[in-house]
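Please consult the sequence and the structure shown here alongside the text.

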Amino acid sequence: MTDQGAPVTLRQPYSSEPVRRRRNKLAPDPDVRSAILAAASKSLQDQGVRGLSIAAVLERAQLSTRAFYRHFESKEQLVAAVLLELARVETLRLRTKMANTTNPAEAVSAWIDGRLDRAFDENTNFKLRRRLSQEARSEAFSSPEMVSPAYRAILEPLIEQLQRGLEIGVFQDIVAATAAKSINGVVWAATQRQWATDHWERDEVRERALRFCLRGLGVAPETIKEITGGNAPAGYARSE
């Protein structure tokens, strides 16, 4: 027993394990991250999502495995980052096209036109088109974490214009986010069809897509005629 008021000393249990100092993890380097993303983007174009490997990316970038895991936790996270970076570039291009319009209907049409550029881009390798089209329908793009950030970035300028058009009465009875997904679905279906067949005329695809989407948004027939450069659909009247 100890005397009253005397401090009690507690001894730590003995351990034969040596004390290990934690190694501080190096902070990410923006230049290294950019080099990895650039290499991964090229690998993605060459091999697709399925064929992309971390080893091949690092060999192309001339970096070590340790450098990779300083910036990314997995291949999926790397692919998501590449897709997001590509989406940001694409979104900037779309916003530039939409900036030259005078109203939300024209802005939505410019977004559709901009997205159709990819389907009819002669610089896009046909083999790559087919691979991307096939992978888009497979488990390669099944992870929401992989594609959702890029998908949201692409739709953002479209949603903004849909909401603006709804507020000023250009569009009727829509939910902007839902309408944006539907419009993207129409354009993506046309893109996949073009990649698979490579024989459709752009003007025809554009006119059909614009008529279908603008009509679904409740755009006035005379506005559709102005935008498409043709006649409004026969028997079509905007619902009041």
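## Overall surface and fold

The accessible surface of the chain comes to about 15300 Å², and 50% of that surface belongs to carbon and sulfur atoms; such areas come from the Shrake-Rupley method with a 1.4 Å probe, and for residues only the protein chains shown count as cover. The model is a predicted one, in which local features need pLDDT of at least 70 and side-chain atom pairs count only at pLDDT 80 or more, while totals for chains, interfaces and linings use all residues. Residues are numbered from 1 along each chain as its sequence is written, and side-chain values use heavy atoms, with hydrogens and water left out.

The chain contains 10 helices and 0 strands, where helices (H or I, at least four residues) and strands (E, at least two) are DSSP runs numbered from the N terminus. Along the sequence the pattern accordingly reads α-α-α-α-α-α-α-α-α-α. Of the 240 residues in the chain, 39% are buried; buried means under 20% relative accessible area, exposed over 50%, and partly exposed in between, with a 1.4 Å probe and protein chains only. Among the contacts in the chain with a separation of 6 or more, 64% are accounted for by residues 24 or more positions apart, contact meaning heavy atoms within 4.5 Å.

## Packing of α5 against α8

Helices α5 and α8 pack at an angle of about 25°, with their axes 9 Å apart; axes are lines fitted to C-alpha atoms, for helices over the stretch in contact, and angles run from 0 to 180 degrees between N-to-C directions. That angle makes α5 roughly parallel to α8, given that angles under 35 degrees count as roughly parallel, over 145 as roughly antiparallel, 65 to 115 as roughly perpendicular and the rest as oblique. The crossing of α5 with α8 is right-handed, a term used if the near helix is turned clockwise from the far one by less than a right angle, with anticlockwise giving left-handed.

On the α5 side the contact is made by V108, W111, I112, R115, L116, R118 and A119, and on the α8 side by I183, N184, V187, W188, A190, T191, Q194 and W195. By class, this contact of α5 with α8 has 10 nonpolar, 3 polar and 2 charged residues, where Ala, Val, Leu, Ile, Met, Phe, Trp, Tyr, Cys and Pro count as nonpolar, Asp, Glu, Lys and Arg as charged, and the others, Gly among them, as polar.

## Packing of α5 against α9

The axes of helix α5 (residues 104–119) and helix α9 (residues 202–216) come within 10 Å and cross at roughly 140°, which makes α5 oblique to α9. This crossing of α5 and α9 is right-handed.

Helix α5 contributes A105, S109, I112, D113, L116 and D117 to the contact, and α9 contributes R202, V205, R206, A209, L210, C213 and L214. The residues of the contact of α5 with α9 divide into 8 nonpolar, 1 polar and 4 charged.

P104 lies in helix α5 and, at 1% relative accessibility, counts as buried. Leaving aside neighbours within four places in sequence, P104 is in contact with Q161, R164, G165, I168, V170 and F171. A107, also placed in α5, is buried with a relative accessible area of 0%, and, not counting residues up to four places away in sequence, A107 touches M98, T101 and Q161.

R115, another residue found in helix α5, is buried with a relative accessible area of 10%. Beyond the neighbours within four places in sequence, R115 is in contact with E90, R93, L94, I154, N184, V187 and T191.

Most residues other than glycine have a negative phi. Q62, however, has phi near 60°, a positive value; Q62 is found in the loop between α2 (54–61) and α3 (65–69) and counts as exposed at 72% relative accessibility. D173 likewise has a positive phi, near 50°; D173 lies in the loop between α7 (144–168) and α8 and is exposed, with a relative accessible area of 76%.

T178 is found in helix α8 (residues 176–197) and is partly exposed, with a relative accessible area of 49%. The C-alpha atoms of T178 and I159, which are 19 residues apart along the chain, are separated by 8.8 Å.
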